[in-house]
Amino acid sequence: PNMISFDQLLAAFLTMHDPTQLNRQGPDIGTSYRSVAFYSNDEEKKQIEAAISKYNNSGLHLEKVVTEVKPFEVFYPAEAYHQNYYKNNGDLRFTNKQQDWGFDHTGMSSGAVYADLDNDGDLDLVISNINEEASIYRNNASGRKGSNYLSMELHDKDNRSVSGSKVNLYSNGSNQYQELNQNRGYLSAVSTRLHFGVGSSTVIDSLVIIWPDRKKQVVQKTNTNQHLTISYDPTTVEVSQPTFTIDSQNIIKKQPVSKQVFLTATDPVQYRHRDFSENDFKRQPLMLFMYSKAGPVMAKADVDNDGLEDIYISGDLNNSGFIYKQRTDGNFVKSDTAGLGNEAETCVSAATFFDANGDGFKDLYLARGGYSLFQPNSIALQDELYLNDKEGRMTLSRGALPNLSSSSKSVVRSCDYDLDGDIDLFVGGRVVPGMYPVNPHSYLLKNNGKGMFLQVATPIDSIGMITDAAWIDLDDDGRKDLVLCGEFMPVTVFLNTKQGFVNATSAWFPVSDTGFWSSLSIADVNGDGKDDIIAGNLGTNTQFKISADQPGEMYYADFDQNGSIDPFFNFYIDGKSYPFVSRDELNDQIYAMRKKFAYYKDYANATINDILPASDMSGAQKLTASECHSVCFLNNKGQFEKHILPIQAQFAPIYGMLTEDFDNDGLMDVLVAGNSYATETSTGRYDAMRGLLLKGKGNGDFEVLSTEATGLAADKDVKALVQIRMRENRLLLVANNNDKMESYLINSKNTRTAPAKLHEAYAIVQLKNGRTYKQEFYYGNNYLSQSSRQVVLGDKVQSVVFYDDKNQKRIVQ
């Protein structure tokens with residue numbers, strides 16, 4: 001008070017933040033961001049109230065102050081911690097080196113910068129500390145073997161530093177990238193010098209500089225261990241990826257010269273998804289995800305048998321679903337069938353085209369899902385079958401399906417599972433609205449050959465919260481088996497025997513990894529003639545660090561006896577399992593907890609056993625998740641071996657997947673996309689995936705191609721991937737939730753295709769180099785998507801042998 005008065009503190013307080021925002025500051029929302037002023041006596045209270053009154057009456061502000069005025073009770077001083085310092089392992093992972101590198105200081109810091117303070121070729125560190133002197137750390141790396149460097153300054157024509165310039169350094173087959181930007185972290189700004197560590201390299205192959213005006217300058221063969229001053233002297237203009245449009249004759253107007261695998265193209269259907277504003281967490285606050293964000297759904301077929309592929313896309317806030325029919329001029333037009341699925345009354349969560357009544361034309365099955373607005377056993381959750389009139393128009397077939405309304409669905413897969421000559425259906429249950437995570441009902445539907453379906457009881461009926469499924473003949477007995485995945489489930493195998501379906505998961509998977517599995521794709525990725533499984537999962541870029549030893553655990557029951565399910569997810573932190581739910585969320589779900597945990601400090605170290613008494617826990621159901629990685633399961637003599645996909649595939653949940661030889665090298669590749677914006681607030685949305693092309697090596701391993709090499713930028717909330725043929729061109733369609741459709745031209749010589757016939761189950765593809773691989777055919781084998789039953793005939797393909805479900809073969813050269 002001798003240096004600054006209480007009134008001066010109040011003036012600073014009311015101007016350093018926005019006191020008119022209730023329970024928020026800018027984008028940060030919640031009671032943790034509320035504005036509060038504490039007083040120690042009545043005089044301070046009067047001063048606070050007077051300052052707020054002056055602020056409100058100043059006429060300078062549109063809104064009134066919402067700052068809470070409360071008595072001061074307890075002060076909790078901030079704790080001094082070690083700062084952590086992480087070494088880049090070179091594989092997108094980091095190791096804490098705080099102790100190894102000699103950082104033993106504890107304190108509270110507000111900023112940090114790096115610079116070569118002694119000009120010895122390594123970066124020193126300066127840290128500003130609160131209420132104490134700054135820390136300066138000298139780096140002793142210079143002079144050590146394998147610690148070479150190159151530093152530089154970039155100047156314009158007037159010898160000024162040029163912020164925004166980009167530099168790529170190429171050396172010994174590797175590439176480093178930096179952008180000149182002095183802003184680095186909180187209250188910190190670094191030098192305008194760029195510093196590259198280059199290991200043992202003594203000569204840099206090249207420096208490629210992109211100046212802010214997009215002009216490019218190249219510096220060749222530069223010695224290391226020196227400082228450069230590079231002045232603006234560009235020679236070329238940076239070339240950006242072109243967008244290729246398709247004219248009325250379905251021909252690319254300008255032939256691409258790019259070597260990228262995917263080239264941005266115009267969307268042929270001009271589709272944009274607009275989502276509803278449902279909030280599933282208002283119904284069950286303790287869920288981990290929202291299940292209403294299920295679209296858009298895509299399915300593909302030639303509905304009028306004119307040789308052109310058509311596409312169904314589900315509806316949204318403004319429109320019902322429609323079939324977009326491809327015309328000979330390359331354009332797509334909406335079918336004159338009335339809207340397929342009114343999204344205001346229901347939610348299409350899966351779709352498939354198949355021939356339901358054996359007339360040679362594709363019919364359409366729509367599965368219903370959703371969560372926040374729908375009740376179990378209501379008409380909103382009843383699936384529908386639309387029959388084709390042989391001209392591509394669809395008519396609802398009333399009475400064709402049994403009652404399927406007990407839960408929301410996630411997947412529908414068609415297959416003649418009983419070998420009676422007609423196509424049957426498996427419909428996977430995702431969730432029971434209002435009852436998460438109780439197991440929903442799934443259905444095996446037997447076709448009578450005329451498009452009428454009967455439910456068949458199986459051990460699959462209540463197996464779990466299914467997200468994807470695939471029919472695959474695992475044991476080579478000619479009968480398609482069923483592979484499933486789901487939330488808090490392992491990848492599960494049911495063998496299709498003459499006596500019925502048998503759960504054979506333990507026989508095919510030595511380790512049963514439960515997880516947040518989201519999608520499946522089946523392909524022979526190592527060319528051994530056996531189908532392998534690529535399984536999408538949550539990924540490791542998440543708060544949930546789970547393993548077999550320290551799994552995520554979901555306890556659920558109606559703990560407060562009010563008729564609703566209370567799910568509690570727990571995961572380990574420092575060797576101890578804690579509930580993920582916050583105190584505020586807990587109090588919203590179970591009102592009685594407000595007395596038990598009146599203060600945040602009471603809840604801070606509580607475990608599930610502290611929250612719920614033993615009597616409640618004894619009656620609770622439990623689910624576990626032990627694996628977050630997306631993986632490739634290689635089929636090795638009747639058992640699946642787990643191979644974790646590259647770390648780039650772990651950045652976010654994977655949903656859309658396609659398998660094909662995209663780069664025409666004779667080896668199977670995998671295209672993946674994902675992200676999820678349907679998360680609760682404390683998790684934050686998963687949005688780090690940009691779409692990946694995993695280039696196959698032919699042995700089950702993959703190389704991740706860079707974005708520059710693929711041209712793919714599928715960085716939104718991707719729900720479905722479909723590849724569609726348009727004359728001699730093939731397009732990749734990327735369907736995004738609450739955003740526009742994206743389209744890419746597949747820039748490959750693989751333009752010819754050989755379609756599979758109705759009952760052909762798989763093909764053996766013989767390559768000119770002697771390698772072979774197996775390709776199964778499905779009516780849908782991709783999350784929320786249906787792709788073609790065909791083989792792409794690249795220039796490395798010698799022949800294709802098709803086999804039907806009776807092992808009859810057909811050869812295509």
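This is a predicted model: local features need pLDDT of at least 70, side-chain atom pairs count only at pLDDT 80 or more; totals for chains, interfaces and linings use all residues.
## A buried aspartate and its partner

D739 is buried, and its relative accessible area is 19%.

What does D739 pair with? R272 forms a salt bridge with D739, and their closest N and O atoms are 3.8 Å apart. This pair links distant parts of the chain, 467 residues apart: R272 sits in the loop between β20 and β21, while D739 sits in the loop between β51 (729-736) and β52 (742-746). On the R272 side, the relative accessible area is 38%, so R272 is partly exposed.

## Other salt bridges

The structure holds 41 salt bridges in total. One of them joins the side chains of D205 and K221, with an N to O distance of 3.7 Å. Here too the pair links distant parts of the chain, with D205 in strand β16 (residues 203-210) and K221 in strand β17, 16 residues apart. D205 has a relative accessible area of 27% and is therefore partly exposed, whereas K221, at 59% relative accessibility, counts as exposed.

Another salt bridge is formed by K642 and E627, whose closest N and O atoms are 2.6 Å apart. Since K642 lies in strand β45 (residues 639-644) and E627 in the loop between β43 (621-625) and β44 (631-636), the pair ties together parts that are 15 residues apart in sequence. K642 counts as partly exposed at 36% relative accessibility, and E627 is buried with a relative accessible area of 6%. There is also a network: salt bridges that share partners join D336, D389, E391 and R393.

## Domains along the chain

The domain assignment divides the protein chain into domain 1 (6-71), domain 2 (86-137), domain 3 (148-232), domain 4 (264-545 + 626-792) and domain 5 (552-625). How far apart do the C-alpha centres of domain 2 and domain 3 lie? They are 22 Å apart. Between these two domains, 10 residues of domain 2 are in contact with 10 residues of domain 3.

## The largest nonpolar core

The largest nonpolar core has 56 residues, and the members that touch the most others are L288, Y436, F488 and F516. Why does this core lie between domain 4 and domain 5? Both domain 4 (264-545 + 626-792) and domain 5 (552-625) give residues to the core, so it lies between them.

Not counting residues up to four places away in sequence, L288 touches F281, Y436, F488, F516, F544, M554, F569, F580, A678, T679 and E680.

## Backbone points worth a look

Most residues other than glycine have a negative phi, and most peptide bonds are trans. Some places in this model depart from that pattern. A cis peptide bond joins G295 and P296, with omega at about 5 degrees, and P296 is found in the loop between β20 (262-265) and β21 (298-301). A cis peptide bond also joins Y436 and P437, again with omega at about 5 degrees. P437 lies in the loop between β30 (424-431) and β31 (443-447), and Y436 is one of the core residues that touch the most other members.

L92 is not a glycine, yet its phi is positive, at about 70 degrees. L92 lies in the loop between β6 (86-88) and β7 (94-96) and counts as partly exposed at 46% relative accessibility. K221, which takes part in the salt bridge with D205, likewise is not a glycine but has a positive phi, of about 40 degrees. K221 is placed in strand β17 (residues 215-223).

## A buried loop residue and a surface patch

Is D418 buried or exposed? D418 is buried, with a relative accessible area of 18%. Its place is in the loop between β29 (408-415) and β30. Leaving aside neighbours within four places in sequence, D418 is in contact with D424, K446 and R479.

L9 counts as partly exposed, at 44% relative accessibility.

Definitions and conventions. Residues are numbered from 1 along each chain as its sequence is written. Side-chain values use heavy atoms; hydrogens and water are left out. A nonpolar core is a set of buried Ala, Val, Leu, Ile, Met, Phe, Trp, Tyr and Cys residues joined through side-chain atoms within 4.5 Å. Buried means under 20% relative accessible area, exposed over 50%, partly exposed in between (1.4 Å probe, protein chains only). Domain bounds come from an automatic or database domain assignment. Contact means heavy atoms within 4.5 Å. Helices (H or I, at least four residues) and strands (E, at least two) are DSSP runs, numbered from the N terminus. A salt bridge is a side-chain nitrogen of Lys or Arg within 4 Å of a carboxyl oxygen of Asp or Glu.
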